[in-house]
Amino acid sequence: VEAVVSTQSTGAVWRRVALTKRQITGQVLKSLSRSCVATERLSITGCPIQNSAEEELRPFFSTMGSTLRHLRLENTHQTNSLLEEALPVCSVLSRLHLGAGAGPISETNLSRLSSYTSHLTCLKLSDLSCINRTNFQEFEQVHCLSCCVRGFRSDELQNLLDWFPSLRNVTLSDGPSLHSTSVRFLLSHCELVRLTFHNTYVTPRALLFILSGCKKLERLELTYDCTTHLGNQYRENVRRIQENVLFRDVLRVHFSPPVKPPRPVSATMKG
């Protein structure tokens, strides 16, 4: 167990707790509960839970129910069991990260996420296979969304973002190449202030379309891999947009690998 500890009059209190690759038994949960009365961040990664321990999950989460704000679950096939016990009692949960290997989320838990946790404002999904795209719920309260959209088409991206009508901050990773006609769905999110693309090509024309249409956008950030023909092809046109006085403070572009400045010519070489 990794923990960030602060000491109060009642003894050691763990503000941040990370459980990594250890078997969770009922005795482990009982022991943890004594120090988790004020835990704000909990991460559970690769931890199998014994069947006999499941009855201790609700008391464990209830211990931190009024303080837990950030929950991360990764590489566990018991995500649904954890969510079933955590969501009804963690009344101030605001950030949920479902990492790789989180497993499919039940429709009941999706409903809980969209209705029970009124404070949930940030959702990170490392693998969208954990949800059923056709039965997803609408999350009116989520302002920040980060997800891997590998295998999505541009029209599916529109459907995805329509589930989150109040978005302010969006990060999309491993998505399809986006052209001016395939980014129009972003304009319906008129409150968007920050947009980040990882491993996703956005054409120069599409960049202009986003920058001109998303009126409240304060930061648009993306990376171009210039070791590929496509990234190298876009580099100069994107650089011109980046230098435009209208977009200079909004657009942040990273070229990978970075372009090296020309080496200065020495006097001996000149001679």
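Helices, of at least four residues, and strands, of at least two, are DSSP runs numbered from the N terminus. On this basis, the secondary structure of the protein chain comprises 8 helices and 11 strands. The model described here is predicted. Of the 271 residues in the protein chain, 46% are buried. When contacts between residues at least 6 apart in sequence are considered, 68% of them join residues at least 24 apart.

Two packed helices are described by the angle between their axes and the distance between the axes. Helix H6 spans residues 204-213 and helix H7 spans residues 229-243; their axes come within 9 Å and cross at roughly 20 degrees. Angles under 35 degrees count as roughly parallel, and H6 and H7 are therefore roughly parallel to each other. The crossing in which H6 passes H7 is right-handed. On the H6 side, the residues that meet H7 are Pro204, Leu207, Leu208 and Leu211, and their counterparts in H7 are Tyr234, Asn237, Val238 and Ile241. By class, this contact has 7 nonpolar residues, 1 polar residue and no charged residues. An α-helix has 3.6 residues a turn, so residues three or four places apart point the same way.

A loop residue, Val183, makes contacts of its own in this part of the chain. Val183 is placed in the loop between strand E8 (169-173) and strand E9 (194-198). With a relative accessible area of 0%, Val183 is buried. Beyond residues up to four places away in sequence, Val183 touches Leu178, Ala206, Phe209 and Ile210. Val183 and Ala206 are 23 residues apart in sequence, and their C-alpha atoms are 6.7 Å apart in space.

Helix H4 (residues 107-115) contributes several buried residues, namely Asn109, Leu110, Arg112, Leu113 and Ser114. These buried residues pack against helix H3 (79-86) and strand E5 (95-98). Gln141 is located in the loop between strand E6 (122-125) and strand E7 (144-148). The relative accessibility of Gln141 is 15%, and the residue counts as buried.

Within helix H3, Thr79 has a relative accessibility of 1% and counts as buried. The side chain of Thr79 reaches the backbone oxygen of Thr76 at 3.1 Å. Apart from residues up to four places away in sequence, Thr79 touches Leu73, Leu98, Ala102 and Ile105. Thr79 and Pro104 are 25 residues apart along the chain, with a separation of 8.1 Å between their C-alpha atoms.

The side chain of Ser33 reaches the backbone oxygen of Leu29 at 2.8 Å. Ser33 is buried, with a relative accessible area of 16%, and its contacts, leaving aside neighbours within four places in sequence, are Phe60 and Thr63.

Backbone geometry was examined in three loops. Lys21 is not a glycine, yet has a positive phi of about 50 degrees. Lys21 is situated in the loop between strand E2 (11-20) and H1, and at 71% relative accessibility counts as exposed. Asn75, likewise a residue other than glycine, has a positive phi near 50 degrees. The position of Asn75 is in the loop between strand E4 (70-74) and H3, where its relative accessibility of 45% places it as partly exposed. Finally, the peptide bond from Ser256 to Pro257 is cis, with omega near -5 degrees. Pro257 belongs to the loop between strand E11 (251-256) and helix H8 (267-270).

Notes:
Residues numbered from 1 in each chain as written. Predicted model: local features only at pLDDT ≥ 70, side-chain atom pairs only at ≥ 80, totals over all residues. Heavy atoms only, no water. Axes fitted to C-alpha atoms, helices over the stretch in contact; angles between N-to-C directions. Parallel < 35°, antiparallel > 145°, perpendicular 65-115°, else oblique. Left-handed = near helix turned anticlockwise from the far one by under 90°. Contact = heavy atoms within 4.5 Å. Nonpolar A, V, L, I, M, F, W, Y, C, P; charged D, E, K, R; others polar. Buried < 20%, exposed > 50% of the residue type's maximum accessible area, 1.4 Å probe, protein only. Polar contact = N/O pair within 3.5 Å; in protein donor to acceptor, adjacent residues only side chain to side chain.
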